[in-house]
Amino acid sequence: MNIIKNRYLFFGISLLVIIPGIIALLLWHLPLGIDFTGGSLLEVKFASGAPLTNAQVASMYVDFSKPGADLSNPIIQPLGTDSLSIRSKVMTDATKVEVVSAMQKLSGTDVTVLHFTQVSAAVGQEVATRAAGAVGLAAVVILLYITYAFRGVQHAFRYGTAAIIAMLHDVLVVVGVEAILGHFIGWEADSLFLTALLTVIGFSVHDTIVVFDRIRENSNRYKKISYEMLVNHSIVQTLDRSINTQLTVMITLLALALFGGLTIRHFVVILLVGVFSGTYSSIFNAAPILVVWENKEWRNWFRRKPVSAE
Amino acid sequence: MTRRPYLMLVLILILVAFALWIDLSNQITITNPFNQTAFIQRNVSARLGLDLRGGLQTLLEADLPATASVSADDLNVARQILENRSNALGVSEVVMQVAPPRRIVAEFPGISNPDEVVASLQKTGLLEFVDMGTTPVADGTVIQTDFGLTSDTSATPTSTSTGSPTSQPTEGATPTAAPTETAATVYHTVMTGTALDSVSVTQSTTGQNQIAFKLKADTKQLFADYTGTHVNQYLAIVLDKTVISAPVISTKISDGAGVITGKFTVQSANALAIQLRYGSLPIPIKVVESRTVGPTLGQESVQRSLFAGLIGLLIVILFMGFYYRLPGVLADLALIVYALTSLMLFKIIPVVLTLPGIAGFILSIGMAVDANILIFERLKEELRAGRTLRQAIDLGWSRAWPSIRDSNFSTLITCGILYWFGNAFGASLVKGFSLTLALGVVVSLFTAISVTRTFLHVTLDNIKTAEHPRWFGL
C-alpha cells in the first residue's frame, strides 16, 4: 500500500470537504448560539399537547418588549409535537415568569418550563473571546509538547507543525460542517459545540502522535531507506491500530447518537465528524506533510518529482 | 514491569472488590474495631448535575462599572451572604463559588422555585433609615442617599455634607406628586441595616404583615437621640434605594425597637426579613447568566445515555474479543475493571455527573481500549517477527509505551485547557466533560497497561498457549 505516493490525491479529498465548509462559513457564517452572542432560550411544554402558534408567541414577545429589552422577532422552533423552543434577545428571569403565565392564559393549558437560559451579551462576548483563546492555547501547548517529545528526531519542530496543520484541518472540517448543518437544520454552535471541538483537537493530536511515534522509532532502525519509504512504512504499520481505535470510538459515539437522547445529539454528531476527520488527517495529511516538507516540494509547485507527468 | 503477576492479580482483585462495594452502596461506614464508633462515614451516592436532575445555575456579577475593581473579600462576603439567604429560602445543597475577578457561580440543584430564588439573589438588601426632613414621600419612590457615596457618583451637584444631621428639603413645597423624579436630592442616611440586632415577621393589630426589629445596643442611643430631635419629621425606610414606607416620627424611640410597615405579603415580608437578617451585600450584584432545567428532561437523558453507554460498551467488548481473541477477551476484563474503578472514583471524589460528563466517560471507554489495541498490534508484529510469546508480550508493552504516553498526555493537555475554560465561566457542563475524560484517560492507562498485562501473564502460566496461535489472532 502506498499512501505517500498518492498524497496529493488525499490532500485533494480533504480540500473537497474543507472548501465547501469555508464557502458556507463565508456565506452564512458560523451560527453562534446564545452562549456566545448573549440572549435567551426558552423551552416550554404545553400539557394539552397543542402548543401556541409561532405568530401567537411572536406577538406575545413583542408585547413584553421594553425599552432597552427588545424581544421582537424571536426564533421559534417546534420541539417534538407538544413543545416549543424560543430564542430571543436577553430576557430577564422576571420577564420569563410573566411570559410563561401569559402563555398559560392564552393556551388554556399548563405550561412547563423545560429549559430556560439567559446569557447577557457581555458574557457571551467574553466566552467567545475566551474560547478562541482556548483553541489557540491548546494549539501552542501541544506544539511545544510534540517538539519536546520528538526532540531526539531531526527537525522535531516539523512534527509539531504537521500535527498542528492536521489539527487545523479537523477544526476546519468540524466548523465547516457545523456551518452547513447550521444553515440547513438550524443547529447553533454553543458551549457544548466548543467542548466537542476541543475534544476533536485532543483526539486528532492523539492519533497523529501514534503515527509519528512509529516514524520516530523506525527512523532509528532503518537508516538506509528513503524518507518517503520510511513514512509510508510507518503509516502502514500503524494502519490496523488507527482503524481499530477509530472503530471503537465511533461505535461508542454512534450508540450515543442513536440512543442517547436529543439533548446531546448535536454534540455527539460533531464528535463523530471530528473523530473521523481526526483519523483521516493523521494518516493522510499529517505524515504526508512531513514528506512534502522534507522534499521542499513547494519549490516546484508541489510536484512529487521534478520530472513528474503533471 | 510486573515480574510478580500473582501479587499484582491479588491487588487488582482487592481493587475490584473495593470498587464494587463503593459502586453498589450509597453510604459507606467503616467502624473502628476497638470502640465500635464510626471511623469513616461518607455519603458516596452518585451526584447528578443540574442538567440531569433539574435546577438552576446562575452566574452573578458585581454590578459596578467595568473599571471599578472588586476586592476578593467583598466577593467572598457576598458569596457567604447569598448562600445564607438561599439556605434560608429552603434550598438545600446550594453550591456557590467565587469566580474571580468579579463573578460568583451559584448552583441550585433540584429546586422548584427558580424564579423566586433569582429574584431574591439580585437584591442587594441594603436597608437604610433615611432622614427626609419634612418632605413626605410616597412608597415605591426611588431616592438617592448619601450612604456609600464614592467618587463614581459625581453627577449630583447637590451638597452632600455628610456631617449635617438635618437634611436639605430643597423644595419643601413639592409634595408626593412626582414620585419618580425626586432623585435630584441626596438625602442623609441615619443608619443602615447593620444596626439591626434581630428581625422577625409579625402582624399588626389590623392584620398587616410587618417586620419587627430590635437595634443593637450601640445604635440604640443614636436612634433615640435622632428621633428625639426630629419629632414630626419623616423617616423613610429605604431598601435598595426604594422607599418601603416613610412614617412620621411621633415620639422619641428609646427602647431601640420598631416595626417596618408596608404592603407586604407573607412571602415578601419573609424575603425581606431574610435579607435583613443576613445583611446587605457589600457590592451590588446582577444576574448575567441563568440556566433553568426542568427535572423531567434530565431523568430521561440519564436513562437514555446510560443505555447508550451499555450498548457501546457491549459492542466494543464483542469487537475486541473477535478481533484480538484471547488478549482481546483479557482486555475486555480489564475494560470492566476500568469501568468499575472510574465509577468508584466518580463517587468518592465526588465528580458531579452531567450529561456531557457521561458522554466524556463513554468516549473514554472507546479511548481506553486504544492503549490495548496499540499494544496488541505490537504484540502481533513481534510474534510475526518470530519472538517467543513472553518476549513478544514484554516487547509489545515497552515499544507501545512511548506512543501511549505521548498521545494520552496530549489529551490530558486538552482536558486541562477545557477545565480552565469551564472554570472561568462556571460552565459546569464543560468542566464535567473535561474532568471525566481526564479521569478516564488516567484510569485507562493503568488498566490497559498493568491490568491487561497481569491477566495475560497469569493466563500464560496456566495454559499452553504455544499450541494455540489462533488464540492470538495469528
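Modeller: Before we start, one definition: two residues are in contact if their C-beta atoms, placed from the backbone, lie within 7 Å. This is a predicted model, where local features need pLDDT of at least 70 and side-chain atom pairs count only at pLDDT 80 or more, while totals for chains, interfaces and linings use all residues. Residues are numbered from 1 along each chain as its sequence is written, and chains are lettered from A and ligands numbered from 1 in the order in which they are written.

Biologist: Thanks! In chain B, what share of the contacts with a separation of 6 or more comes from residues 24 or more positions apart?

Modeller: That share is 75%.

Biologist: And how many helices and strands does chain B have?

Modeller: Chain B has 10 helices and 14 strands, taken as DSSP runs (helices H or I, at least four residues; strands E, at least two) and numbered from the N terminus.

Biologist: Switching to the contact, how many residues come from chain B and from chain A?

Modeller: Chain B puts in 56 residues and chain A 55 residues.

Biologist: Which element gives the most on the side of chain B that touches chain A?

Modeller: That's α9(B), with 14 residues.

Biologist: Which residue in β14(B) is the bridge partner of A:Val119?

Modeller: The partner is B:Glu289.

Key
Pairing = 2+ DSSP bridges.
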